[in-house]
Amino acid sequence: MNRLASRRDFLATSAGLAAAATLPSLAAAQGKEPSFRISLAEWSLHKAINGGQLKNRDFARAAKEDYGIDAIEYVNQLWKDNNQPWMEAAKDKSYVSELKKRSDDLGVKTMLIMCDNPGQLGDSDEAKRITAVESHYPWVEAAKTLGCHSIRVNARSNTKLAPEEQQKLVADGLRRLSEFAAPHGLNVIVENHGGLSSDGQWLTGVMKLVDRKNCGTLPDFGNFRLADGKEYDKYKGVDELMPFAKAVSAKSHDFDDAGNETAIDYPRMMEIVVKKHGYHGYCGIEYEGSRLSEPDGIRATKKLLERIHEKMMG
């Protein structure tokens, strides 16, 4: 073997080892538990998947080998491998089992599935609301097979109704779905995802109406655009949603030359999440910017989170 080839192999191996230096391992070296952990949301790679450069079944491998991340969050609308409607993919037990085996072989944990478009859980028509609830059942079952702790859903209703009425309808749908998910050991969690769900007070009101231990929130650092186009205060919103949080979405769009997110004060946000509310679970990287490539955006977000973690650990 020539020296040039040997050096290339050495550098590649070193890069892989550096990527594998996750927060838990760095914390363990200090004899401490990590302040928080990092997962990767599949939406960070939606352009690659929709463009055919990456398959859903290879997401776990990409997370581990390309980014040194050993926990993942699927997005149901990206389950497109088998040339079937993605809404039907969760019912394909052999495919779900394949995803489970692939992640297990890599030592990657599957945290949750983000579920979009199975219907409005707060539909004003009760029959349609029940249908929407039942349309989520296959995703609950798939999440159980994968070893997830939750499915993420949307809190949507008839926007012509008063916010209080929408609250009641959404709470009814969430309660029904949570009752189905409970025997499976699954949580049903709601993300601030536009409209009324991006109003922290409204969504916490929904949680109080549902009043079930396995129904909670997934605060997203960036999704606080209300229906009228105004922005809800993101720091206030995350603060309001954290008491019900079972996962956190670390949204990012762009970074300055110092590696800071340009629109979100990450140190301030993580102080709210970790220090104020005592959350020490996974924060899922969800990069959806356009200036940086998806790989570069993921790495920039991870580097920023690691820098904040290092400061928190002293």
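**Entry 1: contacts along the chain.** I began with the contacts in the protein chain that have a separation of 6 or more: residues 24 or more positions apart account for 77% of them. I note here that the model is predicted.

**Entry 2: overall fold.** I looked up the secondary structure next. The protein chain comes to 13 helices and 8 strands. Its radius of gyration is 20 Å, close to the 20 Å from the globule rule for 314 residues, so the chain is as compact as a globular protein of that length. I then took the box along the principal axes. The C-alpha atoms fill roughly 70 × 45 × 40 Å.

**Entry 3: burial and surface.** How much of the protein chain is buried? I found that buried residues make up 51% of the 314 residues.

Entry 4: I picked helix 8, residues 137-146, and helix 9, residues 163-181. At what angle do they pack? I read about 35°, with the axes 10 Å apart. The crossing of helix 8 and helix 9 is right-handed.

**Entry 5: who meets whom.** I listed the residues of this contact. Helix 8 brings Y137, V140 and E141. Helix 9 meets them with L177, F180 and A181. I sorted these residues by class: 5 are nonpolar, none is polar and 1 is charged.

Notes: Residues are numbered from 1 along each chain as its sequence is written. This is a predicted model: local features need pLDDT of at least 70, side-chain atom pairs count only at pLDDT 80 or more; totals for chains, interfaces and linings use all residues. Side-chain values use heavy atoms; hydrogens and water are left out. Axes are lines fitted to C-alpha atoms, for helices over the stretch in contact, and angles run from 0 to 180 degrees between N-to-C directions. Helices (H or I, at least four residues) and strands (E, at least two) are DSSP runs, numbered from the N terminus. A crossing is left-handed if the near helix is turned anticlockwise from the far one by less than a right angle, and right-handed if clockwise. Contact means heavy atoms within 4.5 Å. Ala, Val, Leu, Ile, Met, Phe, Trp, Tyr, Cys and Pro count as nonpolar, Asp, Glu, Lys and Arg as charged, and the others, Gly among them, as polar. The radius of gyration is taken over C-alpha atoms; the globule rule is 2.2 Å times the number of residues to the power 0.38. Buried means under 20% relative accessible area, exposed over 50%, partly exposed in between (1.4 Å probe, protein chains only).
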